[in-house]
Amino acid sequence: MRTSLVSWFIFNLYIATFFNIAALSVSGQCQSHQQELLLGLKYSLDSSLSEKLRKWNQGTDCCSWDGIICDASGRVIGLDLSSQSISGEINNSNSLFGLQHLQQLNLAYNTFISEFPSGFGNLTNLSYLNLSNAGFTEQIPVGISYLTKLVTLDLSSSLHTPATLLKLEKPNLKMLVRNLSRLSNLYLDGTSISTNRKEWSQALSSSLPNLQVLSMRRCYLSEPISPSLLKLKYLSIILLDDNNFSGPIPKFLAEFQNLTSLHLAQNNFSGRVPEEILRSPKLQTLDLSSNRFLQGSFQNFPPNASLQSLVVSGTDFGGQLPESIVNLGQLTRIELWNCKFTGPIPKTLEKLTQLIYLDFSSNSFSGPLPSFTSLRNLKELFLYSNQLNGSILSTNWSSLPNLISLGLGQNSFSGTVPPTLFQSESLKVMDLAENQFSGGFGEVKGEVSSQLEVIDLNHNRLEGQFPMFVFEIKRLRYLSLSWNKFSGVIPLSAFQKLKNLSSLDLSYNNLSVDSSFTNLPLPHFPNVYRLNLASCNLTKFPEILKSLSFLQILDLLNNRIHGHIPSWIWKPHLYHLNLSLNFLVELERASNMSPYMGVLDLHGNQFRGKIPFFPSDATYLDYSNNNFSSVIPSEIGDFLNSCDFISLAGNNFHGSIPESLCNNSRLAVLDLSNNSLSGSIPQCLLTQMSMWLGVLNLKQNNLSGTISDTFPEHCGLQTLDLNQNRLGGKVPKSLANCTMLEVLDLGNNQIGDTFPCHLNSTSELRVLVLRSNNFSGDVNCRGNNLTWPMLQIIDLASNSFCGKLPQGLLMTWNSMKANKVEPNSPHLRYEFPLLTGIYFQDSVRVTMKGLELELVKIQTFFTSIDFSSNKFEGHIPEAIGDFKALYLLNLSNNALTGPVPSFLGYLPKLEALDLSNNHLAGQIPLQLANLNFLSFLNLSDNELTGRIPLGTQIQLFSEASFENNAGLCGQPLEVQCDSPPTSEDGPSNSGTGKHVNWNFVSVEIGFVCGIGAVILPLMFCKRWRIRYYKCTDGVLYKFFPKLDPRNRTHKTISHWTPGRKL
């Protein structure tokens, strides 16, 4: 249960004052019947773990017992048994309720597992009652409402289960508080309150005029906060977190004159936060976190603001932080993580010298890191997942004596890692992962800190020798240096100095890990649960693994380990084992295999024969790209009935797909591609499995039959890949139920159907491949309201589609219009919500510049259109001119007419353009010269005319790019264009009276005769012309060898080798 610093301080101040005043009034001995009642209470409970109750005995004065306060007459007026681990039942006959003079009772944080006894109503002198987390359940008795002297009532509970829930039904909230007019502090957290609309607000405002603290967290409140609360003029602390409030936050909350703390976190508030609340002059604590649709920004902080804690994490707050944040001089805590803040972090932040905790993670802050040197009270600093850059040397980290945790991961920081971080006397956690830090650690000299427990530097650009000083950090628990450029040989035996080490990751460096322990006993690492040595040049299994009794995660991916997997590797607690991309050939199964084995990845080895076993509790199983050759065991689905990911791709499995796979109701990814499976697709895979199945990949097999038209209403498929089988029939109508579909690949089958216009609900579709089937008809989908705004790859090649290209449909493909590439553009993939960092990578085969290639990663910015080898006719649609993100366009082998559109020259990303084998006419537009990235062009076999544009890169393509266009001329074709006719400047000179200068005429006649002597033989003598061109070209190619066509080979669109790797 979260409590603000202010409310906690007031609460404890009240308790301390009460106890001190009461203690001063004690005189005389405890009355005997009071002592008997207390002992009766002790003996009715299990007090074996209670420090206080164990000291209560008959022979001492009960007023001297721990937790007891007596008045001058020896009567017990105060009883404090909080946090004593007392258990048992308190019923209505318990002697506790005989202590009639009690004014203060605290039984909080014990385990009285019983219904709430009504006997508390007998203690009518109580002014303070704290039963929070005491274990009482069910209905709060009406007797509490008779305690009219109550000033503080705490019935809160942090437990949130039906068995421990307190209820306010009969009596309800109104009945409970109707007599409690003196009540100042009310805590009902975790109580189920049954009220009518607005009743809870009115019940409080009409009965509790002196209320100062209101805490009703997790009370299932959903009705709006009523303005009637304004009657509570002394209210200073409002804690309403974790309810079901929705709509905007009421503006009237800013009208509470004494409001110091406002907590409205974890609700469903939306709209914009009123500026008046953000500027409330006395407000010290504001927590609006975890209201995802709540909006706001910090325009300007007023001078001398009182805020000490500001928390808006997990909201839609955004914009830039103003420099006026310096006005929050009393601020100790600020949390803005997972919001939408942008721009630089204000430099004035360094003046907030009271700051203890700062978390700006998961925003879009950019620019350099401001100096935190003056924040000497700072304990925790988190700036994860932003766009910050530059060096972090602006802060003198050694001047922060209280800094415990530093989290700067997932940014773009560069430069060296400050050596002072390793010498801080307070720092325990240093996370600089996923940045661009470079250099080594040669400057770390002298004694390093003994306090460091976590060092995470993975995914940087650090280099040099392995930092051996880490072996001197005795408290080190977690060390991750993966994905850097550290080099050298590191003995695994050196880590035995780190007795507290629990997690070690050295993967993906230039290290060679020496795992031998020659002439040394195997060290004991009692705490190591994770060992990642991927790509560490290991040639055998490290013997140290024998001594890691509590190992849970082992990653030896991409090493050079040969032979078999030893039985001793199967540790009793092993959960995650990755031995992929090695040279393993045999698998030994141990009898004591961990029952917790969840992730087993053996892909990319040389296992052969039958699959040896399936771990029964696996959630992720990858046996792909081995040499297994057998039928898939028919009972595979019974063994793996709780598996989320199964991949047997890239083996030699044959036979049919076992229907037992449908027994797994958790399966999210099934990849059986690239095998020799035959038969039909089990209907249950599509009927029942596709409700939870996200990826079904069966491509490159020998499957036959049809695709069953039984996709369920709530189909969850994201990827369906059936390419390169022998499937026939039609595209199922029920496939439209798969509204989350992103990749649909039915290419290279025998499907005979029309264009799937019925997929009008698949608005997430990004990849559609129908090539090399028997599709026919037009693709216009008139009146079908088909839109694919996310579509980036479409391949309809080698079918019998006809009619005009679909102008209307093309206009809906918005992803091809966006001329923007994000620096870290994601790939299409299926991610597992419960398996962090594990995903299925989508792939697709495309005809790229003529060569059929497989994109093993489909970047979201890559776009391609291939309509080749169909029967399309008409003009090229103008909608294509909007596709500024288009990389590849292939419309070849159709019956298109009209000109080559000039708008094609304004597609800046275009790399390959094939319009060959159509009926295009007219001239080649000069605008094609604008295509700077164009590396493949084929306009051959059309009806183009005129000159190929001069002085452009178009002429760098070979002759074959333009051949078989009868009216086309100019380089690089041998056919030369006729000279343009000479135009006369004016009418004849005769009769004009103008003087003729015969000297110039004679010069001109001589010049023409000389030129004619050279030009005429070139025009009428083919042999001379050929010799002349060869001679001229030879001189030209000596200076510009890239122009020589012998250095380029033209290939058709089916043989072109791509010029750039994508």
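**View 1. Arg333 sits with its charged end over the ring of Tyr357.** The distance to the ring centre is 3.8 Å. A charge sits over a ring if NZ of Lys or CZ of Arg is within 6 Å of the ring centre and within 35 degrees of the ring normal. The model is predicted: local features need pLDDT of at least 70, side-chain atom pairs need 80 or more, and totals for chains, interfaces and linings use all residues. Numbering starts from 1 along each chain as its sequence is written, and side-chain values use heavy atoms, without hydrogens or water.

**View 2. Trp56 and Trp65 form an aromatic pair.** Rings of Phe, Tyr and Trp (its six-membered ring) pair if their centres lie within 6.5 Å; planes under 30 degrees apart count as stacked, over 60 as edge-to-face and the rest as tilted. The count comes to 39 aromatic pairs. Here the centres are 5.1 Å apart and the planes at 20°, so the pair is stacked. Both Trp56 and Trp65 are buried (under 20% relative accessible area, with exposed over 50% and partly exposed in between; 1.4 Å probe, protein chains only).

**View 3. Phe861 and Tyr887 form a tilted pair.** Their ring centres lie 6.1 Å apart, with planes at 40°. The pair links distant parts of the chain, 26 residues apart. Phe861 is buried, as is Tyr887.

**View 4. Six Phe residues make one aromatic cluster: Phe298, Phe301, Phe317, Phe341, Phe360 and Phe365.**

Terms used: Helix = DSSP H or I, 4+ residues; strand = E, 2+ residues; numbered from the N terminus.
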